[in-house]
Amino acid sequence: MVFSDRDKLLNICHALGGRARCDDPTLGSAQTPYIPGDEVLECLKDLRKILKLDLATTDKPSFKTLGEWDVLRLDLLPILCVSDSVKVKIAVVELLVPMTWPINENSPDVPAEVELLTRYKEAFLENNAFAVIGKLLLSFVAIPLRNRTERDSAKIRIILLLFRNLLAMRDPLATSTASTEDFLRMNLSEHIIAKMHAAGILDVLLTFAASLDQREFNDWNMIILEIFHLLFRDRDPASISADQNNEANVKEKLATFDSQIRKPTSTRHSRFGGALKVHLPDGTKVNVFGTKNIINFGVGRALDSSKMGRNLVREQKPEVDPGIRRLQSKEARQVLHRLAVSFTKEGFNTFVRSVKRDFDIERGTVQEVNYFQFIQTVSFVLRFFQSVRSDEINLDRVISFMDQRGLLFLLKRLRIYQEEKKWTEVQVTLDCLKNFSSDEEIRDLGENVLRNIFYEEWIVESLVALCRTYKSQSIRYLEVLVETTHILLKTLQSYSKEKSFVVGRKKRQAKKAKKVQTQTPDEEPGLREDDSSDENEKPVETTVEREFRFEKIEMDFAYESVVRTYCDLLSRFETIEPKYVHYITVMLHRICVKSKMESLCYKVSTLDLFARILDSTHFLRTPEGKELQAFANHIVRRLSGALESYPMLLIDALFPKTRSDCVRIQNFSWDETEETKKEPLAISDLGEIEVKPRCILWPNCFKIC
């Protein structure tokens, strides 16, 4: 009789053990004691061999079969809790790690695997498995380093990987129409964190993080990095710290309630009354709802308002990361607050030094994703430090990253992610860089950090390139980019005012020397053999030092693509925070007023955006709105003055502009190049005008006409 693989797996699972029979009908099957089988250790080893062979396949049938039979909840976790043998417990953990491994994005059946891992996560909350695993971890950590074998170190790594796997499972999101079960599953990670705290596991992990500079714990620094990254993932440090103060919560609730009361409510007539049908000259009929827009702004404006959000605003990509998720459990909030405080006070400096050391030497255990996880963890700690700063949590607790090496690390990773077009990583790096330089006390650590920003011109060039290459990333990415650029420029401006002379360094490609053609009486014309150049030779980069001025930095941002990027965010002036409007106004003032490139705003889309902003009376009452109104009025006055001397500026407003176009418009003249003088405009026999591409010669065209 031939048994299939499924039958063999069934026989092994039956031999693991089972629940004892109980004659009391009041007791459920879950309340009866679990009795492991006589050959439970051998069965666990057989299961490990089967799963190891199953990892080489894409569909993983054995993993699906074990999930279908719910072996983890019915057999493996009960064996872990009731067994007295350390070998049996380790064998169970060795099975739990591959069964809870994070999902591969290329898996053929991702939804089924997500559902299976969610059920596994629920199973760990039904018993005291975390307490048993925590004691098992301590028993191996307590072994002195000189007596610890490689097998013992591997067991510690396996247990840490199990914690990593359980925290890596994302909780499913539930909508308003979801079931009660889906709503309960939304907070599984919070319950997992609370269970780990009750079992003392978080304290052990803090000890690992604070001792990573020792040889005994240094081998697990990348796993500790992943665990703390997952603990702080999708958490807002400001809300974690603010929720500990009841008075702050009361004020926040009162302010929210007051804003809801003061918010004007719409009536039935404002929603449905006043609908008009407009007959356009071309015969089309358009429905316009709301007579208020027609009375205030006219029919044309009312028609355009319905098209603005659909056509004129570029479509944005959704966020790759779900974003910040507010904690629902008060216990989990308190646990995370204590964990963040202890990690910042006791383990952050050691943690950063150990991880950065492995990054610098490019250790074999370092993966590319670890850089991203490290930046996210550091960004969380810096934001938490700024929100809970006190005498105990001062700058000395985060000093290990607040130096020139930390800044250069962020800037180099930013450049790498920019070249690889990893926009999510770019956003997180910019956010960390913003937190790095937004604090006054941090910026006052020393002048070497700021001097290095001035000295290395590629740092500013990277930000300029990000502003110029923005296309369809998320709105959050654009907000972080605008805020980081504003903070950096403001910092550099204040530094340049204090220093009368600053030197900058820039890399350039050296020009190759031209080969001189020589000819002898016996040779054909051409290059000599000794002077033949190597076509595969790469250009040599040279470094040039020169005097560096802050006005040069401002001029580097004077591009139409940068103005378009900032106008994309400004078009949402009614929904974004007011501080971003201030940042945009300052940047446009640097480009148009200080760099004298007002012509970059002489564009139909930009002028129409200013008109919509000036029509918003509620927005103009804010301080940021008044600043933007003053800038818009300045641009309009400059445009009116330019039109008197150069009427064809209305035509130029329809086309993109380069820097040379801006200089021409500013001087109200057009200097013909030598190429234009040698090759005048050609007129065909029919009298039509032929204009060369990329040459807008409207004054000359009208002269010919």
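Buried means under 20% relative accessible area. This briefing covers salt bridges in a predicted model. The count comes to 28 salt bridges.

**Helix α21: K434 and D431**
- The side chains of K434 and D431 form a salt bridge, with an N to O distance of 2.9 Å.
- Both residues belong to helix α21, which spans residues 423–437.
- K434 and D431 sit three residues apart, or about one turn of the helix.
- K434 and D431 are both buried.

**Helix α26: K552 and D556**
- K552 pairs with D556 in a salt bridge, and their closest N and O atoms lie 2.8 Å apart.
- Helix α26 covers residues 550–556.
- K552 and D556 are four residues apart in helix α26, so about one helical turn separates them.
- K552 has a relative accessible area of 29%, which means that K552 is partly exposed.
- D556 counts as buried because its relative accessibility is 17%, and the cut-off for buried is under 20%.

**Helix α29: D608 and R612**
- D608 and R612 make a salt bridge, with 3.9 Å between the closest N and O atoms.
- A salt bridge has to fall within 4 Å.
- Both D608 and R612 lie in helix α29, residues 604–615.
- D608 and R612 are four residues apart, about one turn of the helix.
- D608 is partly exposed because its relative accessibility is 24%.

- Salt bridges with shared partners link D431, K434, E483, E577 and K579 into one network.

Technical notes. Residues numbered from 1 in each chain as written. Predicted model: local features only at pLDDT ≥ 70, side-chain atom pairs only at ≥ 80, totals over all residues. Heavy atoms only, no water. Helix = DSSP H or I, 4+ residues; strand = E, 2+ residues; numbered from the N terminus. Buried < 20%, exposed > 50% of the residue type's maximum accessible area, 1.4 Å probe, protein only.
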